[in-house]
Amino acid sequence: MTLAIFLIIAVILAGIQIAVPFLVKRTVIFGITVPEKHINNEKLSSFKKKYSLLVSLLSLISLVSYAIWVLSSSASEEQTVLIGTVIQFAIILFSFTLYFYFHGKTLQLKKKMKWGENTKQIQIADLSARAKDEMLPWYVFLVPILITVGVIGYTISQYTLLPDQIPTHWGINGEADAFTDKTPVSAVSSPLMLLVMQVMFLAIIISTKKSGIKLSATATNASRLRQLTLRKYTSWLLFLTSILLTGMFSFFQLRTIHPDIVDGTIVMAVPIIFLVITLGSTVAFALKVGRSDKRSIDEAAAGITDYDDDKHWVGGLFYVNKNDPSIFVEKRFGVGWTINFGNPIGYLIILIPIAIIILFSFL
């Protein structure tokens, strides 16, 4: 079971990494802005194919070797989990190493070919697009928050029923494998951490909704569709994730209070169901957004190009622009959002919840 779970996670992870160059915004290749008329350049296409092929080969060799090792040895569950985790991180590390290599190659090619020179850079912001925005309203995210508050209240009212040792971590089989002494803080630490994450999700969705909708001057319809699709399905993915986390955390919290509430089969099934739905939703999100600007393509007008903001992107991964009021912007490598590191509000939304969660873990 442990092997199967890790193989599923690794295959999905590798699949996303392999597909990333073909899912990002069409005018951004390995973190570099490329004019619309050059995006199908033969060398750029070969860069993307080589990246995907190399990641595929490494992932295949690693996962086959991992499966053979587990099946042919008497590895313990802890060893299986450890090596499986190492392989997942190795795939990510290798992918990012290749990304930086091709990022440099793309930048060199852009400079050599002088793409974007002698053309007028245009930046478009479409205010009317907000009328078509289908993001979930912020108050929907209050539902999981209210559920968690209720769980905290119920835990406090049932404090005497709690065991002397409070679970702090659950293994892959759903059983607790780490404990701490019972105190008023430790009794509600798990739902409190969940509450912090839910508030962070709420802050992210509010900030994302206020972020500007930036369109391409050379592919306006395609970029508008991508932006609206990204915003819509980001809100749905965050809400689904919040609901799933609420259900799983609440389940284990209630089982701590009432150990006999369900049998072991259900306990083992809960994290697996959470994992399958989360991974499936993430893949669906990536494909839906990634394919959204590959159709409805406009014919680019001669003599103009999109605004080149490469100077604001460090390595094509980190966006730093103090003059941009947006807190979150679309990633250049990957599907989703990243922080505008030039806006201090972004630090507060992400770092404060992380600091609080770390504090709870120490307490």
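1. Helices α4 and α7 are roughly parallel to each other, because angles under 35 degrees count as such. Helix α4 covers residues 142–157 and helix α7 residues 220–257; they pack at an angle of about 10 degrees, with axes 10 Å apart. Axes here are lines fitted to C-alpha atoms, for helices over the stretch in contact, and angles run from 0 to 180 degrees between N-to-C directions. Helices are DSSP runs of H or I with at least four residues, strands are runs of E with at least two, and both are numbered from the N terminus.

2. On the basis of the numbers: this is a predicted model, in which local features need pLDDT of at least 70 and side-chain atom pairs count only at pLDDT 80 or more, while totals for chains, interfaces and linings use all residues. Residues are numbered from 1 along each chain as its sequence is written, and side-chain values use heavy atoms, with hydrogens and water left out.

3. On the α4 side, P144, I147, T148, V151, Y154 and T155 meet a set of α7 residues that includes F239, S242, I243 and T246 (contact: heavy atoms within 4.5 Å). The residues of this contact divide into 8 nonpolar, 6 polar and no charged.

4. P144 sits in α4 and counts as buried because its relative accessibility is 0% (buried is under 20% relative accessible area, with a 1.4 Å probe and protein chains only). P144 touches Q198, F239, S242, I243 and T246, leaving aside residues up to four places away in sequence. P144 and I243 are 99 residues apart in sequence, yet 6.0 Å apart in space, C-alpha to C-alpha.

5. S242, in helix α7, is buried at a relative accessible area of 1%. With residues up to four places away in sequence not counted, S242 touches P144, Q198 and F201.

6. K114 follows α3 and has a positive phi, near 55 degrees.

Definitions and conventions. Parallel < 35°, antiparallel > 145°, perpendicular 65-115°, else oblique. Nonpolar A, V, L, I, M, F, W, Y, C, P; charged D, E, K, R; others polar. Buried < 20%, exposed > 50% of the residue type's maximum accessible area, 1.4 Å probe, protein only.
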